Amino acid sequence: MNTEQDYGTVAILLHWLMAVLLVALTVLGVYMSGLPDVGFDKIKLTLIVYHKEYGILALGLALLRLAWRVGNALPALVKELPDWQKVTARFVHLCFYALMFALPISGWLMSSAASIPVYFFGFRLPDLIPHNEYRFQLLVEVHKWLGYALIGFILLHAGAALRHHFISRDNTLKKILPGSRL
Ligand code: HEM
Ligand code: HEM
């Protein structure tokens with residue numbers, strides 16, 4: 001469990017598992033979207049299937065993480081931080097939660113609008129909306145820009161964490177590193 005000062009083991013494991021998963025999904029998404037559509041070659045199709053499957057896994061983990069976050073104490077930020085930095089840090093965390101849901105749901109909606117089924121490790125998930133070409137194109141754009149927003153927030157968040165560790169030399173990064181509570 002979290003305490004008022006520290007993140008607990010579950011929060012730490014979920015943080016890093018999801019960090020790796022979301023970065024991998026973003027890199028894979030950008031890479032596969034750049035592959036030529038001509039003939040819709042097999043590699044592109046295979047990568048899209050993996051992207052969708054692991055994207056749904058990210059949605060499941062986001063639900064678990066939100067439940068854990070709501071049912072746990074929220075560790076305090078470094079006391080000496082100016083208010084604007086505290087507000088920005090909490091705002092970025094909130095945006096991450098929004099993106100952890102908005103990205104996979106927009107992907108799922110996009111596939112439904114194109115009538116392309118979504119599978120979760122062999123199990124077919126229901127379509128969320130009926131076939132509609134216009135909505136499909138719109139959702140492709142929405143999904144893409146949410147992905148770019150995620151990249152921006154990751155750079156900001158990771159940059160701030162490294163600055164805390166190497167320049168301010170406080171315990172911000174240490175408290176979320178594996179081993180800090182093990
Ligand atoms: C947290 C989870 C996810 C992340 C971070 C993510 C991220 C991305 C990114 C960055 C792209 C590239 C956009 C571009 O440059 O055009 C992309 C493409 C795509 N994503 Fe996701 N995605 C996630 C979940 C999903 C899910 C759950 C589905 C479907 C069930 C999905 C379906 C797709 C498809 C079909 C494309 C290719 C769109 C195209 O260009 O035609 N994604 N994703
Ligand atoms: C996709 C990537 C990432 C996401 C979505 C993410 C999300 C979050 C969220 C939502 C929190 C608040 C605690 C919680 O509710 O779990 C958090 C805390 C934190 N993250 Fe990340 N994170 C990512 C990557 C990183 C990386 C790469 C670093 C370090 C280089 C990092 C360092 C930290 C630190 C130090 C905290 C603790 C902040 C504090 O409470 O003082 N994160 N992260």
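Buried means under 20% relative accessible area, exposed means over 50%, and partly exposed lies in between, with a 1.4 Å probe and protein chains only. By that rule H51 is buried, at 15%.

A word on the source. This is a predicted model, where local features need pLDDT of at least 70. Side-chain values use heavy atoms, without hydrogens or water.

Start with ligand 1. Which residues hold its iron atom? The protein donors are H51 and H143, each through NE2, lying 2.0 Å from the iron. Donors here are N, O and S atoms within 2.8 Å of the metal (3.2 Å for Na, K and Ca), and water is not among the atoms, so sites may look incomplete. H51 sits in helix α2 and H143 in helix α4, so the pair ties together parts 92 residues apart in sequence. Helices are DSSP runs of H or I, at least four residues; strands are runs of E, at least two. H143 also counts as buried, at 18%.

Now ligand 2. H15 and H157 are the protein donors of its iron atom, again NE2, lying 2.0 Å from it. H15 is in helix α1 (residues 9-34) and H157 in helix α4 (residues 133-168), 142 residues apart. H15 is buried at 15%. H157 is partly exposed at 26%.

Back to α2, residues 42-70. This helix has 29 residues. Its buried residues include L47, H51, I56 and L59. The buried set packs against α1, α3 (83-113), β1 (118-120), β2 (123-125) and α4, where contact means heavy atoms within 4.5 Å.

Methods: Residues numbered from 1 in each chain as written. Chains lettered and ligands numbered in written order. Predicted model: local features only at pLDDT ≥ 70, side-chain atom pairs only at ≥ 80, totals over all residues. Expected span 1.5 Å × (residues − 1).
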